[in-house]
Structure formats: structure tokens, C-alpha cells
Amino acid sequence: MGGNMLANYVQVNVMLPLDVVSIDNTFEKGEEIRAQLKKLAEAGVDGVMIDVWWGLVEGKGPKAYDWSAYKEVFELVQEAGLKLQAIMSFHQCGGNVGDVVNIPIPQWVRDIGKSDPDIFYTNRSGARNIEYLTLGVDDQPLFHGRTAVQMYADYMKSFRENMEQFLDAGVIVDIEVGLGPAGEMRYPSYPQSQGWKFPGIGEFICYDKYLEEDFKAAAVKAGHPEWELPDDAGEYNDTPEETQFFKDNGTYLTEKGKFFLSWYSNKLIEHGDKILDEANQVFLGCRVQLAIKISGIHWWYRVPSHAAELTAGYYNLDDRDGYRTIARMLTRHHASLNFTCAEMRDSEQSSEAKSAPEQLVQQVLSAGWREGLHVACENALARYDATGYNTILRNARPRGINKSGPPEHKLFGFTYLRVSDELLEGENYVTFQTFVKRMHANQDHDPSVDPIVPLKRSEPEMPIKMILQAAEPKLEPFPFDENTDLPV
């Protein structure tokens, strides 16, 4: 019986603090982190997740990498008997929900932006976003002779060489490749640092000269040299109805609107595809899983235009699956999909935001499973209550436990955001321990569940046409029970 129940086990990881490694790239919190890791291990968690900040490691100059602080952290994780999910964090920390520290991208890269500010994502009014380089410079050799993609690839190569001992020992099991702001594969369409407030629709962020030129060339090729980037899509804090683009029967449904949205979302898919191809080459043969993170943009999900998803680069409509296309691209690299907002209930949201996090989670997880991917999840906001945990448990095994073997669908893993004194004390810690046990299907902690196989080389490049076939028809999500059968 135990063996069959073990097939229902979902791994639980916990994110470490954003500033484990300090802003001067040293590790000063040894005792504090050691104590936290001990309590996490005692709670039965499987591993931890950590941001490996580009701005710290390559902060001193091109290819001047310093991994020493991270090595110290990884040693403590290994000592605690935990696994490690490492995020290749090519974005700035600061300016997003929950960011408590400020770690910019490397200064020498930002200096290049002083003479060429178009290396940064730009909105229609010309405001630059310095959280992450625009995907318009992926192939532009502007960085002391390197392109953005080459910089990311070199960083990952150096990580592999310097962290060989932890890769060989099976400590590092997951490499999550950062593909945008907050490490998520999206455009920075809703930056708090520029005045965005929930539930604003956000803005299209493709007005740097590199993306503008790319769009112009695409429009000419399509036989419409007169088409321009949208000028009717409103501002960060608008509602869909306040804009010509997103209102019912708006521009998004016209030939020109569809052309733009295809271009905008395809650029994002190509960006992920390119960088994952590099990551796959770097970690080939390692026993790690490659992963990317997709943002949970649940507001305006209930309006026909899905405005907030569209500005972020997810071309998702009631009759078009904007997530299954991304999932299909991931299949080529044997990569997994990590999604967020697993703890949210539709009933907890304000009605004005037309928000539907549960439906969104069900759509995205189903898209990943239909493409045969490992699908993982995390929570968007810290929760310590039974309702939050039970919602995660329901999403982890949508039809509950299967006593005779693996359930039809289950999450490959769940990562809890984030370790804190509040989580590890008193009643909160007791509830969290129960949650971990329930995620493990009431089995004891078992490191042998879902072993990671050596990473195989990416499949041949998939034509964008084949990727886009996954968008239609948009299928109903798999059935999800209303509540979990193993509540906290």
C-alpha cells in the first residue's frame, strides 16, 4: 500500500530570503540560515529555492564572476540534507510585489544603457524599465561584444563549472531560467516602480528601438507597411473598457490587432526558446530539471479581452490558449513549467478586478499536462491558514489521492513563498508541518520520489507554426475537485 501511496507524493520546497547573499556579494547570515534550514528539514520539506543574482555574481565586470558567497550557502543546504532549486536571476530585485531588497542588474550593463537606453524595455510614453534587458537585444552584440543571450549563456556555463560538486552530488536538482522581470517569462507590463496599481491592465512594453524595428520589418513582410505599434491601448491603471484596444469588440479583434498580439507573444516564446536552448546545452547530462516561471495574471481574466494577460505577453482569450503554446515550446527542451497563485480562491478576490485565479491555475496546469510536462506551482502571497493550504493541496492533486497508484494528474513539486520567522514559529509552524505531510500524501519524507534523469539535448527547433497549433481549439481544463481530500 505504501508504495502506491508514494505515487501521490508531491515534493515541497521553500524559497529562501531574497537577500540570503548580501548586496556586496557576501554571505553574512550563516547562523540564521542554518537555523532556518534545520527547522525546514524537521518539517519534512524536500528542498529550498534560491535566487542566484546576476547583479551580484557578475557585478564587478564582464565575465568577472564571483560565486564564493553562493558556495557557502549551498554547502549549508547540503549539510541540512535538502535539495536545491537555483534560479538564474537575470533580473533586478526591487520594484515588484514583495521585493524587500534592491539588487540591480550589473552596473557595467546599466552603464551601457546610459548611452543606449533602448537596451531596456520601454513603454509608449518612453519610460524605461531597468529590471531586465529588452528581448530586443537578445541577438545584439552591445555588451562588450556579447549579445544578451551570450551573457546569459556564459553566466550559466560559469555556474555549472563552479557548482560542479553540488550538481554531481545531486544537491542541485532544478535550474529555473529567469526570462523576464521577477524571473518570469513576461514583459514588465505592470511595474509598481512606475505607478502601476492592482488591478490596472498594464501597458504593452515594446517601444524600444530594437523591438520597434523588429515590428516594422514584420509588418512590411506581412504586406502592411502602414501598421504601427498600438496607440489606443491605454495606460497602466486603466480598465479594459476605458481603452479602444481592449474594450468589447475592440482593436484586439481586428486583423491589425491580431497581427500585433501574435508578434508580441511570439517574440516572448522565441526569447524563452533561445535561452532554454543555451541552458540545455550548458546543463546537458546533469541530473537537473530545467524550468521556467509563468506569471499568474488573474485580474481581468473574466473579460473577453483578458487585457492584463495580453499586455504581459500571454495571448490568451476565451477561444485561444495562450499558455499551451508556451508549454509546447518547453517540450523541445525537456523543461518544466512553474506557475504561481496556487493558493488563491476566486471567492477571495474583489469583483471589480474580474479576477479568476482558480480558473487560471486550472487552465495553465491543464495546458502543461496536456503537453506532457512536469508542472510545478508556487503561492503568490504568503499564507499561513488552512484555506490557503487546502487550495494548494486541491491544485496539487486535482482529483485527490489514488490508493492504487499515481493519480491521473499531480504537481511535480510545489515551492512555498517564503521562509520567515513567522512561518517557523508557533501555530504557523505546526500547520505548515501538517501541510507538508499532506502534500507527501501522509507518507514520510522520501528523497527517492520522482528521481531526476540526466538532461537530454533539446529536440530540433520547432517551427512557430507548430507551436501555435497548440493555441486552438482551447480545450476545457481537466476536472478539479472543489476541495482537497486530504485537508490540513
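Let's start at arginine 34, which sits in helix H2, the stretch covering residues 30-42. As this is a predicted model, everything described here is computed from it. With a relative accessible area of 36%, arginine 34 is partly exposed, because that value lies between the 20% and 50% cut-offs. Setting aside residues up to four places away in sequence, arginine 34 touches Leu76 and Glu79.

## The chain as a whole

Stepping back, the protein chain has 15 helices and ten strands. Its radius of gyration is 22 Å, close to the 23 Å that the globule rule gives for 488 residues, so the chain is as compact as a globular protein of that length. Along the principal axes, the C-alpha atoms fill a box of roughly 65 × 50 × 40 Å. Of the 488 residues, 61% are buried.

## Inside the nonpolar core

The largest nonpolar core contains 153 residues, and those touching the most other members are Val52, Phe74, Leu133, Phe159, Phe204, Phe283 and Phe432. Which helix gives the most to this core? That is helix H9, residues 255-283, with twelve residues.

Beyond its neighbours within four places in sequence, phenylalanine 74 is in contact with Ile50, Val52, Leu84, Phe159, Met163, Phe166 and Ile172.

## Helix H13 and its cover

Helix H13, residues 386-396, is mostly covered, with nine of its eleven residues buried. Among the buried ones are Tyr389, Asn390, Ile392 and Arg394. The cover over the buried residues of H13 includes helix H12 (357-370), strand S10 (413-416) and helix H14.

Helix H14 spans residues 426-439 and holds asparagine 428. Apart from neighbours within four places in sequence, asparagine 428 contacts Tyr384, Glu422 and Leu423. Threonine 484 lies 56 residues from asparagine 428 along the chain, with 20 Å between their C-alpha atoms.

## Backbone details worth a look

Where are cis peptide bonds found? One joins leucine 417 and arginine 418, with omega of about 10°; arginine 418 is in the loop between S10 and H14. Another runs from glutamate 472 to proline 473, with omega near -10°, and proline 473 belongs to the segment after helix H15 (464-468).

Positive phi values turn up too. Alanine 182, though not a glycine, has a phi of about 60°. Alanine 182 lies in the loop between strand S6 (172-177) and helix H8 (209-221) and is partly exposed, at a relative accessible area of 26%. Tryptophan 300, also a residue other than glycine, has a positive phi near 65°. Its place is the loop between strand S7 (289-294) and helix H10 (307-312). Is tryptophan 300 buried or exposed? At 6% relative accessibility, tryptophan 300 counts as buried, because the cut-off for that label is under 20%.

Note on methods:
Residues are numbered from 1 along each chain as its sequence is written. This is a predicted model: local features need pLDDT of at least 70, side-chain atom pairs count only at pLDDT 80 or more; totals for chains, interfaces and linings use all residues. Side-chain values use heavy atoms; hydrogens and water are left out. Helices (H or I, at least four residues) and strands (E, at least two) are DSSP runs, numbered from the N terminus. The radius of gyration is taken over C-alpha atoms; the globule rule is 2.2 Å times the number of residues to the power 0.38. Buried means under 20% relative accessible area, exposed over 50%, partly exposed in between (1.4 Å probe, protein chains only). Contact means heavy atoms within 4.5 Å. A nonpolar core is a set of buried Ala, Val, Leu, Ile, Met, Phe, Trp, Tyr and Cys residues joined through side-chain atoms within 4.5 Å.
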